[in-house]
Amino acid sequence: MTSPDLDVAVVGAGAAGLATAIFTKERNAVLRVAVLDGATKPGAKILVSGGSRCNVTNTVVTEGDFNGGRPAIIRSVLRALPVSETVTFFQRIGVPLHEEPGGKYFPDSNQSRTVLEALLRELSRVGAELRAGHRVHEIAREGDVFRIATSAGTLTARAVVLATGGLSLPKTGSDGWGYTAATQLGHSIVPTTPALAPLLIKEGVHEGLSGVAQPSRLDLRVDDAISARVSGSVLWTHFGISGPGALDMSRHWLRAQLAGQRTAMTMSLCPEETFESLDASLVELARDRPRLTLQSVVADRLPASVAAAILNARDLPAGRTLAELTRDARRVLVRALLEWPLAVVDSRGYNFAEVTAGGVALPEIDPSSMASRRCPGLYLVGEILDVDGRIGGFNFQWAWSSARVASGAIALAFGGVRQFS
Ligand SMILES: Cc1cc2nc3c(=O)[nH]c(=O)nc-3n(C[C@H](O)[C@H](O)[C@H](O)COP(=O)(O)OP(=O)(O)OC[C@H]3O[C@@H](n4cnc5c(N)ncnc54)[C@H](O)[C@@H]3O)c2cc1C
C-alpha cells in the first residue's frame with residue numbers, strides 16, 4: 001500500500017488549526033503537516049477579532065470563564081497551556097503582548113494583523129504547509145488512513161485535526177460544515193446557538209438611545225428564579241443592546257430559549273445599588289436638597305439621555321422636584337433604575353455572534369489528547385467543541401490550549417517527541 005500524502009491534515013487555518021500545526025511541528029519536525037482551509041486568505045476571524053486588535057488571552061483564565069461541556073474537562077485542557085506560556089509563545093514569535101483593563105492581553109502593535117502574520121510566519125518557519133483554497137468536502141476513514149476530498153483534489157493523511165470552528169461569522173469560512181464532518185465520523189453535536197451576540201429588543205427606550213453606553217448588570221430569570229447575572233458595560237443600539245454585558249448574557253438567554261424555558265431579562269442601571277440603598281439615598285437627598293429635579297438626580301447617576309428616557313417611560317416628569325415625589329413614585333423610580341425590563345426577542349444571530357455555543361460533545365473527546373473517542377486518528381480543537389468562553393480573550397485561549405493538547409498527543413502517537421526549544 002502507498003504511504004499517505006500527509007502525516008497530519010489540519011482542517012481549518014483559524015487560531016486553533018494554525019496553533020495545532022505549529023505546536024506539532026515544533027514537537028516533531030519530521031512529521032508532514034499541512035493546514036487546509038477553504039478560504040483563499042485564511043485567518044479572517046483573527047483579523048476582525050477584538051475590534052481588529054485581537055484580544056489574544058487574559059491574565060486569569062479558568063474553567064469558570066467558559067460554558068458548555070463539563071468544567072473538569074475544560075480545566076484539564078486549559079492547564080496544558082497556561083496563560084504565561086501563551087504570552088511567552090507570542091513573544092517568541094515576535095508579538096509582545098500587553099495587559100489592559102479586565103486582564104485582556106492585546107498585541108503591543110494593537111493590530112490583529114500582527115498576530116495573524118506571526119502565526120503564518122511561524123507556520124512556514126517550522127515547515128508546516130498552508131494549503132489555502134482547499135475547501136474540504138468529505139473526510140472518510142479508510143483502513144489506517146483518512147481520505148480527504150477537497151475543492152483542489154483528494155489527499156490522504158494518517159491523522160486529521162478538525163479545527164473548522166463553529167457557525168459564528170460564517171462569511172469567514174466557519175459555516176458549520178465541521179459539525180457535519182464530525183457527525184459522519186461518529187460524533188454527536190450538542191445543539192448550537194449563537195453566543196456573544198447582540199440582543200434584539202421588541203420595543204422600548206433603546207430606539208432613542210442608540211450609541212449610549214453605561215455600566216449595568218443584566219439579570220436573567222428563568223421561571224422567576226435568577227439563572228444568570230452578568231455585569232458589564234451595555235451599549236444601547238437602534239435594535240436593542242450590545243456591548244460586553246449584553247454579549248456575555250446572550251448565550252444564557254439563547255440556551256434558555258433552546259430549552260423552551262420562560263424567561264425575563266432585567267437591567268440594573270445602578271449596578272452597585274440595592275433597592276434599600278438606592279431608596280435610602282433618595283430619601284436622604286430629598287431631605288437635604290428637596291428642590292433638585294428628578295432629571296438632575298437621575299442624570300447624576302446615568303447618561304442624561306438615559307435618565308430622560310427612563311423618567312419619560314415611567315410617566316415621571318423630569319422637572320418634578322424631590323420634595324414633590326411621593327413615596328410610591330419614588331419606589332417606581334427605584335424599581336425602574338434597578339429592574340428595567342428588556343423585552344428581548346432574539347439575538348442578531350450567527351452573522352454578528354463572536355462565538356458558537358454547543359458543538360461536538362466533550363465527553364466524546366479525550367481531554368488528555370483532544371483525540372476523538374469515536375474515530376481513531378481524529379482530533380478536534382477550538383470552537384468546534386461544546387465550549388464557549390465569555391468576552392475577554394478566553395475563546396482564543398481555548399483555541400491555543402486545545403491546540404497544545406492535540407499537538408503533544410499527535411507528536412507522541414505519530415512519531416518521536418522532540419522537546420520545545
Ligand atoms: C468579530 C469577532 C471578534 C472576536 N474577538 C475575539 C477576541 O478578541 N478574543 C477572543 O478570545 N475571541 C474572539 N473571538 C472568538 C474567536 O475568534 C474564535 O473563538 C476563534 O477564532 C475560534 O478559532 P477556531 O480556529 O476554532 O475557528 P475559526 O477561527 O472559526 O477557524 C475555522 C477555520 O476553518 C475553516 N473551514 C471551515 N470549514 C472548512 C472546510 N470545510 N474546509 C476547509 N476549511 C474550513 C474556515 O475557513 C476557518 O478558517 C471573536 C470572534 C468574532 C467573530
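1. The shell around the ligand comprises 17 nonpolar, 16 polar and 5 charged residues. In this division Ala, Val, Leu, Ile, Met, Phe, Trp, Tyr, Cys and Pro count as nonpolar, Asp, Glu, Lys and Arg as charged, and the others, Gly among them, as polar. The model is predicted: local features need pLDDT of at least 70, side-chain atom pairs count only at pLDDT 80 or more, and totals for chains, interfaces and linings use all residues. Residue numbers start from 1 along each chain as its sequence is written.

2. The ligand is surrounded by 38 residues, a residue being near if its C-beta atom, placed from the backbone, lies within 6 Å of the molecule. The closest are Gly 12, Gly 14, Gly 165, Gly 173 and Gly 382.

3. Helices H1 (15-27), H2 (44-52), H6 (177-184) and H12 (394-413) each contribute at least two residues to this shell. Helices (H or I, at least four residues) and strands (E, at least two) are DSSP runs, numbered from the N terminus.

4. Three strands form an open sheet in the order E3-E6-E5, with antiparallel pairing. Strand E3 (57-58) and E5 are at the edges with a single partner strand each, so one side of each lacks a neighbour in the sheet. Pairing requires at least two bridges found by DSSP between two strands.

5. Strands E5 (residues 97-100) and E6 (residues 104-107) pair over 4 bridges in the antiparallel sense. Leu 97 lies opposite Pro 107 in E6, and His 98 opposite Phe 106.
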